[in-house]
There are 2 protein chains.
Amino acid sequence: MALRVRKNPAPPEPPDCPLGTCMKLLGGVWTPNLIWYLRAGPRRFSELRVDLPKISAKVLTSRLRDLEERGVVSRTVRPTSPPSVEYALTPLGGELLPVIDAIVSVGGRLKALAQPRRRPSKRRVPPAN
Amino acid sequence: MALRVRKNPAPPEPPDCPLGTCMKLLGGVWTPNLIWYLRAGPRRFSELRVDLPKISAKVLTSRLRDLEERGVVSRTVRPTSPPSVEYALTPLGGELLPVIDAIVSVGGRLKALAQPRRRPSKRRVPPAN
DNA sequence: CGGGATCCTTTTTGATACTG
DNA sequence: CAGTATCAAAAAGGATCCCG
């Protein structure tokens, strides 16, 4: 081995496509929690709003739409007296559960970063003149 | 059990803390890819910039700082002729690899959503007058 | 009840330019 | 090489009003 220019020969694979595709989905603040609450079974729109009290209707709708378009959740309208809509994980959505579990598992061991972004750092002295 | 008000008794657990903590980290556009490229071994700042050609120095620095503060990567300054800095996954960071793998695995089966989010973005019509 | 449409604020990212 | 400082743009999220 003469003069190794770089220790690591090359990145194994460029995971841009699948990684990007999936993170577009899970990247939001709410999506993983949403999937978490759907794992126990189908849930209605308003139940989800109770599960995640801080989410706004708009965002919840938006996330559910994304998940639906990607085949992760199914949307079932039931013509009851007050109309109700049920969301449920599809089999494909079920494949996301191990991901969520892994995230939760590791998340518990991560340092929680006391101050999100403290930066007094180099406060430029305002010119006195 | 008389009159079940809701089908699903209750959400199993509220994973807000670990889930939120971890997603704060993985939620970004670049972080998962960054970890991907670090998995093969330590890598220098400029190598990472080659691995991810589209990332800006600022964002790369920012992500690396986050990962460092949470104990996911280590930062090693080596006083070589041109100074070089090596980033590497810590053992804790290694625990994130299964997560990444799972994401990639599922990501490949997700529908890619033909139009991610077409938004001609309300190009404010410049007033013709 | 279950959303769609707007408008607005906060957070993230990108593009440069500059420094040790 | 390895960043930091600043500003501008974009995206994500939230608030509100309205509709079937």
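A charge sits over a ring if NZ of Lys or CZ of Arg is within 6 Å of the ring centre and within 35 degrees of the ring normal. Keep that in mind for the first item. Also, this is a predicted model.

So, charges and rings. In chain A, Arg39(A) lies over the face of Trp36(A), and the distance to the ring centre is 5.0 Å. Chain B has an entry here too: Arg39(B) is over the face of Trp36(B), at 5.0 Å from the centre of the ring. As for aromatic rings paired with each other, the count over all chains is zero.

Tyr87(A) has a side-chain N or O atom 2.4 Å from one. For Arg75(A), a polar side-chain atom is 2.6 Å from a phosphate oxygen. From chain B, the side chain of Trp30(B) places an N or O atom 2.9 Å from a phosphate oxygen.

Where does this surface come from? In chain A, helix H3 (45–51), helix H4 (57–69) and strand S3 (84–89) each supply at least two residues. In chain B, helix H4 (57–69) also supplies at least two.

Last, the make-up of the surface near DNA strand C: eight residues are nonpolar, six are charged and four are polar. That is the end of my part.

Key:
Residues numbered from 1 in each chain as written. Chains lettered and ligands numbered in written order. Predicted model: local features only at pLDDT ≥ 70, side-chain atom pairs only at ≥ 80, totals over all residues. Heavy atoms only, no water. Polar contact = N/O pair within 3.5 Å; in protein donor to acceptor, adjacent residues only side chain to side chain. Helix = DSSP H or I, 4+ residues; strand = E, 2+ residues; numbered from the N terminus. Nonpolar A, V, L, I, M, F, W, Y, C, P; charged D, E, K, R; others polar. Phe/Tyr/Trp six-rings, centres within 6.5 Å; stacked < 30°, edge-to-face > 60°.
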